[in-house]
Amino acid sequence: MPPSSLPVSDHCDGRRFFNPSSILPASPQRRRVGVGEILRWQWRRRRLPTWPTPPVPAPAGDPQALPAPGTAHVTFIGHSTFLLRLPRADGTALTVLTDPVFSDRCSPVRWAGPRRVLPPGRSLDALPRVDVVLVSHCHYDHLDLPSLAALGRRDAPLFITAPGNARHIRKAGVRAIVECDWWQHHDVGGMRVTATPARHGSARTPFDANRALWCGFDIRPAGNGASPSVFFAGDSGHGRHWAQIGARLGAPDIALLPVGAYDPRFLMEPVHVTPEEAVAAMIDLDAGLAVGMHYGTFRLTDEPYDEPLRRLAAARAAAGLAAERFVGLGHGECRVMTPRRPERRGPARQDLARQDASG
């Protein structure tokens, strides 16, 4: 059963979590979406063309390699699953896995629900031992019990998540779980992991809406460390929290930001960003580099398969950002990322946030 008492705060009333006004955009689009609208949308989706199965070249890079000081190895598994190898002062690496989903479907059942267009870019067997697993929230495309159970059996990692999610994760048979509310942190392996605000929601059944919190994660050395800082956004709509995170914790060297699952906007605007909003988020965070995610793996919404990266390229150019500043990795690609802090050029932040071109 869902917990009857939760920590009361500016984003929780003791029974359910909510998105406080402090993180919403200055002029949020507020309107109730009726059940009839949702049903009509679901009916129209039946006529959408199926996504193609794109050719997948052999993945580049070596996820087993140790990162050099000042670099991070970032491997894109698919959707919101990344393997991060972060260097430590003793010459070893902390290995972090974000929102691991290796299953064929993101669904409570194996015979229905969104199915992968592509298999995981790297199998679990091909990955090094995982030290820490970050779970941003409990939606099925981010919290996959079979994947968590397999990781628990193989590596016995530490799981870090937001309040209300441990009860779900325990169903995978794991017990090493730390819950951190927004702005709370946990130190592990010389790194500090801080849960950060996000604009989203949660549910795994029709009866537990917003009984568990959603978050992003900031990862940076707890002291004088050798690793760049990495921000993992989880799932989020656009809002003022991006600038709050950068101001409170410091600009991340690398930001992993969602760029897909945004259409139709009447339904997705509160919970998922467009590519244009992702560029605005990068600028608000003052991130050195950014990597796109949450696209091209499961068909959750209406946009064409290749649209998120096309729109990202256009938004990046409009912001005056070099192509290498905000990238999409190849499926299974492991890239060595060396952050730098170039001077920004382009439109003001508020202008970028309003950009939402249709293609």
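Modeller: Take helix α6. Its buried residues are Pro 275, Glu 276, Glu 277, Ala 278, Val 279, Ala 280, Ala 281, Met 282, Ile 283, Asp 284 and Leu 285. That is 11 of its 11 residues, so α6 is mostly covered. Buried means under 20% relative accessible area; exposed means over 50%, and partly exposed lies in between (1.4 Å probe, protein chains only). Helices are DSSP runs of H or I with at least four residues, strands are runs of E with at least two, and both are numbered from the N terminus.

Two points on the ground rules. This is a predicted model, where local features need pLDDT of at least 70 and side-chain atom pairs count only at pLDDT 80 or more, while totals for chains, interfaces and linings use all residues. Residues are numbered from 1 along each chain as its sequence is written, and side-chain values use heavy atoms, leaving out hydrogens and water.

Now the helix partners. Two packed helices are described by the angle between their axes and the distance between the axes. Axes are lines fitted to C-alpha atoms, for helices over the stretch in contact, and angles run from 0 to 180 degrees between N-to-C directions.

Start with α7. Helix α6 (residues 275-285) packs on α7 (residues 307-318) at about 45 degrees, with the axes 8 Å apart. The two are therefore oblique to each other. The cut-offs: under 35 degrees is roughly parallel, over 145 roughly antiparallel, 65 to 115 roughly perpendicular, and the rest oblique. The crossing of α6 and α7 is right-handed. Handedness works like this: left-handed if the near helix is turned anticlockwise from the far one by less than a right angle, right-handed if clockwise. From α6, Pro 275, Glu 276 and Val 279 meet Pro 308, Arg 311, Leu 312, Ala 315 and Arg 316 of α7. By class, that contact has 5 nonpolar, no polar and 3 charged residues. Here Ala, Val, Leu, Ile, Met, Phe, Trp, Tyr, Cys and Pro count as nonpolar, Asp, Glu, Lys and Arg as charged, and the others, Gly among them, as polar. Contact means heavy atoms within 4.5 Å.

Next comes α4 (residues 241-249). It packs with α6 at about 25 degrees, and the axes are 7 Å apart. α4 and α6 are therefore roughly parallel to each other. Their crossing is right-handed. Trp 242, Ala 243, Ile 245 and Gly 246 of α4 meet Ala 281, Asp 284 and Leu 285 of α6. This contact has 5 nonpolar, 1 polar and 1 charged residues.

What follows α6? Asp 286 does, with a positive phi near 65 degrees.

On to the core. A nonpolar core is a set of buried Ala, Val, Leu, Ile, Met, Phe, Trp, Tyr and Cys residues joined through side-chain atoms within 4.5 Å. The largest has 62 residues, and Phe 82, Leu 84, Ile 160, Leu 256, Leu 257 and Phe 326 have the most contacts inside it. α6 gives the most to this core, with 6 residues. Another core lies apart from it, with 21 residues, including Ile 77, Leu 143, Leu 148 and Ile 177. In soluble globular proteins, nonpolar side chains tend to be buried together.

Two of these residues lead further. Beyond four places in sequence, Leu 256 is in contact with Val 74, Phe 82, Leu 84, Val 230, Phe 231, Phe 232, Ala 233, Val 291 and Met 293. Leu 148 is among the buried residues of helix α2 (residues 145-155). The buried residues of α2 pack against β3 (93-98), β4 (132-135), β5 (158-161) and α3 (166-169). Phe 159 sits in strand β5. It is buried, at 1% relative accessible area. Leaving aside neighbours within four places in sequence, Phe 159 touches Val 133, Leu 148, Ile 169, Val 174, Ala 176, Ile 177 and Val 178.

Last, check the backbone of one loop. Pro 264 lies between β11 (254-258) and α5 (265-268). The peptide bond from Asp 263 to Pro 264 is cis, with omega near 5 degrees. Ala 261 is in the loop between β11 and α5. Its phi is positive, near 65 degrees, in a residue other than glycine. At 5% relative accessibility, Ala 261 counts as buried.
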